Amino acid sequence: MSKVKQLEEEPVNSDLEEDEIANDWSEIAKLSATKYAAVLPKRGEKEYEPDGTNIQELLVYRARRAMFDALTHSPRGAVLKSQIKAYYLPDIHKAILPNPKGNFMQTMGYADSSGALYLQFYEFVYLAERGTITPYIHSGSISVEYRDIPLSVEDMYALFNSQNELDNYSVYSHLKRLGFIVQATDMSTSAKASFFPTSVKKARLNVTPQIYSHLTSFFKTHSLTFFNHIFYTPYIDAFKRNIGAIPLYKSLNKLITCYDVPKTIEAIRKEHSTERSRETEQFLRIAFDVWKPQVNFKKKSPELPDFQVVVYNKNIASQHFPNYSDFKTIFNSLDYKFDFLKIPDDVDSNEVEWWDSNTYNEGIPRYMYLASTKSKHSKKPSSQQDIKIERKMKRQKPKKSISPRLQQMRDLKNGYRSFLLAVMDNGIISFVKIVEADFGSQNVWYSPKQNKKK
Amino acid sequence: MDGLKQKPVEIKVFVSEDANEVILSPLIFDIASIEAIRKIGITGTLSGTLPLATQQNLFLSVPLKLMVEEAIWLYINGCAKFSVMNGPISSRFSELLDSQSEQLEQESKLRLQKSFELQKKYKQEQHILKMKKLGIESRIDKGASESNALIESSLFVRTSDTSDLMNHFSNQQISGKIINYLVANYSSWDNYLLFQSLREQNYIMSPGARFGGKYIAYPGDPLNYHSHMTVRNALDYYNEPIDMLELACGARLGTTVKKLWVIGGVKHGNREKSDRTVQNLLLNKEDDVSFFSVEWAGFG
């Protein structure tokens, strides 16, 4: 018995690894008695291995009991008064809410003229699973009166069309539970902001840019190798002896051709437009746009997402881990808030305004687009909180000037364009951040002159 | 385990219309079944939102996602049966609704009514008990309509875990075929044999991608014990080389997370790889599974 007591009293060491800490379901089981989970319960500790004692068996028994008590006493659903009905429509693989209400409407679904809200399938399953909406199924025309034929969790999962869709859903719900705002890229109904002036990529993607890029790249490599071989190689020794190491290594830079990582607005846009329309496999497309939680989220015309997510299931035999060309295609199709871009100092606007003037909605600059939609629907008077936030944003103006050397170290460390790769392994998701690093062209030489100036 | 053999749990597998392709990996939706298989060392991974605490990812609820190896092990040991659903389910639902929607609605209405009555009864009893505790003799007649209205609005509409609609479908009988599809789609027989061998040594396996392996193996229920090993994908060690870099990576990582990095492999008997069938596996004594462990010695 003393062992039990000791276990209960032991403080949880937060340094322990994820796996080291057991999920202590007993704490969550207590929640079923109380009303609401305000804080996550602390987790219990684990032991090394079974030693065949009764006390251990008792502990295991208790842990399991707690777990399954929590599971069985956590029913899904809503009370009659606040019930929101959602009807799944098999023909369009979406759900309709005839009388929508609730907070989720700020970030999910889209409304039609009659005031009904349509939910994408992910949104539908997610909300039903957490008990926010009650799922029903409706077959046939949407004008026919709805019959209340309820769907179970099992039914909803049966409606997933492929393993891919189910995996994507797992990632979606994982991120949603963490509080992010998530939209599937392929089902977007909103006028999403884009970093690229024309969102109609295909039209621009005719032959010329391709040929152009081929030609330029040919010249680049050719000139480099040709030039270097003739002029540099014979003199390397002389350089070494007479001038010292720095120029030598500088010239070596030119010998080794490397891919120039796009770092500026122009470079990113150019790279994006030269991307061949090579179709990546379905499973390696960007699946989700993810925004950090925010008050002023514009569902209809969201700003650039903060992250983009690609989902990969490591167990499916027909899929493979993305190779170099897959990665390149993904990088070039990225369209998010490239957070490494530096807002020029001479611009007299805050960050939000800068991004608004450098992104595009439906081909026109975002600030103009927003203004045009605002005139149509008179803007809601912003709440106290919004105003506060806006003020805060304006206040955090003075930029810290960082020494170029520190900035360089940061750039090397953080890299440039990036996305999240969600690796799926039977329900366990590992998020990996994939970044383009630029070690090829960065010169990290210690130069005495610069130092003296300081 | 014997109890389970008499009443095997149901594992849902959704397949394409012609049953030639597995669409979703094996799932279990029934909490009682999940509890039953946990007792015999199959844990799976819960993946649905827990309605009690909807803003976290540590404690999750149904459905339970099973590794293919877990599902096959349960099936081969007679503890589970596969319930195979031919898709696309949405069109099958539509057909069902077209013919029987009225009846289905009636059924669900009745069920809801029953549940409401039970809830009302329970709530009224609770109310009376509470009043008695407070020393107030409650008169049911007075103010009954008011409290009834309150109770009415607080009735709970539950979304169930398991399906009633799918009971209307005719279920397809299961052959070993589905298992072959599962293995071909998500794993390999060698990996299964590793799993089986470890399970018979009382290890409990869970997916191991986050530690760079195929499985991680626990000596007991993962709720209470640390895992001991990271097991790599099966290696045909008579023919395949081990990559030096992988060896270093695996062993280094294993050591830092206090796990043994394990390479397992199957020495195939006289049999060809291709004539692995469920029947053979059941009779199988020829396949010889070996394990090798690598540790970073930190010597010298």
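Two strands are taken to pair if DSSP finds at least two bridges between them. In the predicted model described here, strand β12 (residues 360–361) of chain A meets this condition with β13(A), since the two pair in the antiparallel sense over two bridges. Within this pairing, A:N361 stands opposite A:I364 in β13(A). Both strands belong to an open sheet of three strands in chain A, which has the order β9-β12-β13 and antiparallel pairing. The edges of this sheet are formed by β9 (193–194) and β13 (364–365) of chain A, each of which has a single partner strand, so that one side of each is left without a neighbour in the sheet.

A further set of pairings in chain A involves strand β2 (residues 85–89), which is mostly covered, four of its five residues being buried. Strand β2(A) is joined by four bridges to strand β6 (residues 134–137) of chain A, and these two run parallel; in this pairing, A:Y87 stands opposite A:Y136 of β6(A). Strand β2(A) is also joined by three bridges to strand β3 (residues 94–97) of chain A, but here the strands run antiparallel, and the bridge partner of A:Y88 in β3(A) is A:A95. The hairpin made by β2(A) and β3(A) has four residues between the strands, and in this hairpin A:H93 takes a positive phi near 55 degrees. In general, strands of a sheet pair through backbone hydrogen bonds, either parallel or antiparallel.

Among the helices of chain A, α12 (residues 324–333) has a set of buried residues, namely A:D326, A:F327, A:T329, A:I330, A:F331 and A:N332. The buried residues of α12(A) pack against one other helix, α11 (265–274), and against the strands β10 (286–291), β11 (307–313), β14 (418–425) and β15 (428–435), which also belong to chain A.

Charged side chains were considered next. Side chains of opposite charge can pair when their charged atoms come close. A search of the whole structure finds 15 salt bridges over all chains. One of them is formed by A:R65 and A:D69, whose closest N and O atoms are 3.4 Å apart. Both residues lie in helix α3 (residues 54–72) of chain A, where A:R65 and A:D69 are four residues apart, about one turn of the helix. An α-helix has 3.6 residues a turn, so residues three or four places apart point the same way. Both partners are partly exposed, A:R65 with a relative accessible area of 30% and A:D69 with one of 27%.

Another salt bridge is formed by A:K263 with A:D438, the closest N and O atoms being 2.7 Å apart. Because A:K263 lies in the loop between α10 (245–255) and α11 of chain A, and A:D438 in the loop between β15 and α17 (448–453) of chain A, the pair ties together parts that are 175 residues apart in sequence. In this pair A:K263 counts as partly exposed, at 25% relative accessibility, whereas A:D438 is buried, with a relative accessible area of 2%.

A salt bridge is also formed by A:R417 with A:E436, for which the closest N and O atoms are 2.9 Å apart. This pair links distant parts of the chain, with A:R417 in the loop between α16 (404–414) and β14 of chain A and A:E436 in the loop between β15 and α17 of chain A, 19 residues apart. Both partners are buried, A:R417 with a relative accessible area of 1% and A:E436 with one of 7%.

The contact between the two chains takes 86 residues from chain B and 80 residues from chain A. The area buried between chain B and chain A is about 7,900 Å², of which carbon and sulfur atoms give 59%. Across this interface there are five salt bridges, and the side chains of A:R65 and B:E35 meet in a salt bridge with an N to O distance of 3.1 Å. There are also 37 residue pairs in polar contact across the interface of chain B and chain A. On the side of chain B that touches chain A, the largest share, twelve residues, comes from helix α4 (residues 89–134) of chain B, and the residues of this side divide into 40 nonpolar, 30 polar and 16 charged.

Strand pairing also joins the two chains, for four bridges connect strand β1 (residues 76–79) of chain A to strand β6 (residues 156–159) of chain B, and these strands run antiparallel. In this pairing, the bridge partner of A:V79 in β6(B) is B:F156.

Conventions: Residues numbered from 1 in each chain as written. Chains lettered and ligands numbered in written order. Predicted model: local features only at pLDDT ≥ 70, side-chain atom pairs only at ≥ 80, totals over all residues. Heavy atoms only, no water. Buried < 20%, exposed > 50% of the residue type's maximum accessible area, 1.4 Å probe, protein only. Contact = heavy atoms within 4.5 Å. Salt bridge = Lys/Arg side-chain N within 4 Å of Asp/Glu carboxyl O. Buried area = accessible area lost by both parts, 1.4 Å probe. Polar contact = N/O pair within 3.5 Å; in protein donor to acceptor, adjacent residues only side chain to side chain. Nonpolar A, V, L, I, M, F, W, Y, C, P; charged D, E, K, R; others polar.
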